[in-house]
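Please look at the sequence and the structure shown here before reading on.

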Amino acid sequence: MGSRIQARGKSTWCLDVNTGKLLWQIENKGHAYIPLIAENKGFFCIGNNIYSISLRDGSLNWEQNEPDTYIFNPKKNG
């Protein structure tokens, strides 16, 4: 899973690691940081928001907002 962060990129995508084929691509609000992959989900941050998406098809599981600060790279603890 990767995200475009330069040149006004506004999408996150998932590639098949064996073939390099694009499995899905979703629009985002731009400048997504390094994603975390855990429990068959992808997590990424843009500005004040964190998003959880399905790795199967890129559908949104949930999103959360932190209005007081920017959120960067999600981490898994435990």
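## A buried tyrosine and its partner

Tyr51 counts as buried, because its relative accessibility of 7% is under the limit of 20%. The model in which this value was computed is a predicted one.

Phe44 is Tyr51's partner in an aromatic pair. The two ring centres are 5.3 Å apart and the planes make an angle of 25°, which places the pair in the stacked class. Phe44 is likewise buried, at 3% relative accessibility.

## The other aromatic rings

How many aromatic pairs does a search of the whole structure find? The search gives three. In one of them, Tyr33 and Phe72 have ring centres 4.8 Å apart and planes at 75°. Planes over 60 degrees apart count as edge-to-face, so this pair is edge-to-face.

## The chain as a whole

The protein chain contains seven strands and zero helices. Its pattern along the sequence is accordingly written β-β-β-β-β-β-β.

The chain has 78 residues, and 36% of them count as buried. Its accessible surface comes to about 5400 Å², and carbon and sulfur atoms hold 51% of that area. Among contacts with a separation of 6 or more, 28% are between residues 24 or more positions apart.

## Strands β2 and β3

Strand β2 (residues 11-15) runs antiparallel to β3, and five bridges join the two.

The hairpin of β2 and β3 has six residues between the strands. In this hairpin, Gly20 takes a positive phi near 80°.

## Cysteines

Are the cysteines Cys14 and Cys45 buried or exposed? Cys14 is buried, with a relative accessibility of 9%. Cys45 is buried too, with a relative accessible area of 0%.

A disulfide is a covalent bond between the sulfur atoms of two cysteines. To be counted, a pair of cysteine sulfur atoms has to lie within 2.5 Å. The count for this model is zero disulfides.

## The loop between β4 and β5

Which backbone angle stands out at Glu39, although it is not a glycine? Glu39 has a positive phi of about 55°. Glu39 is placed in the loop between β4 and β5 (41-46). With a relative accessibility of 60%, Glu39 counts as exposed, since the limit for exposed is over 50%.

Asn40 is placed in the loop between β4 and β5 as well. Asn40 is not a glycine either, yet it has a positive phi of about 60°. Its relative accessible area is 57%, so Asn40 is exposed.

Technical notes:
Residues numbered from 1 in each chain as written. Predicted model: local features only at pLDDT ≥ 70, side-chain atom pairs only at ≥ 80, totals over all residues. Heavy atoms only, no water. Phe/Tyr/Trp six-rings, centres within 6.5 Å; stacked < 30°, edge-to-face > 60°. Buried < 20%, exposed > 50% of the residue type's maximum accessible area, 1.4 Å probe, protein only. Helix = DSSP H or I, 4+ residues; strand = E, 2+ residues; numbered from the N terminus. Contact = heavy atoms within 4.5 Å. Areas by Shrake-Rupley, 256 points an atom, 1.4 Å probe, with all protein chains shown as cover. Pairing = 2+ DSSP bridges.
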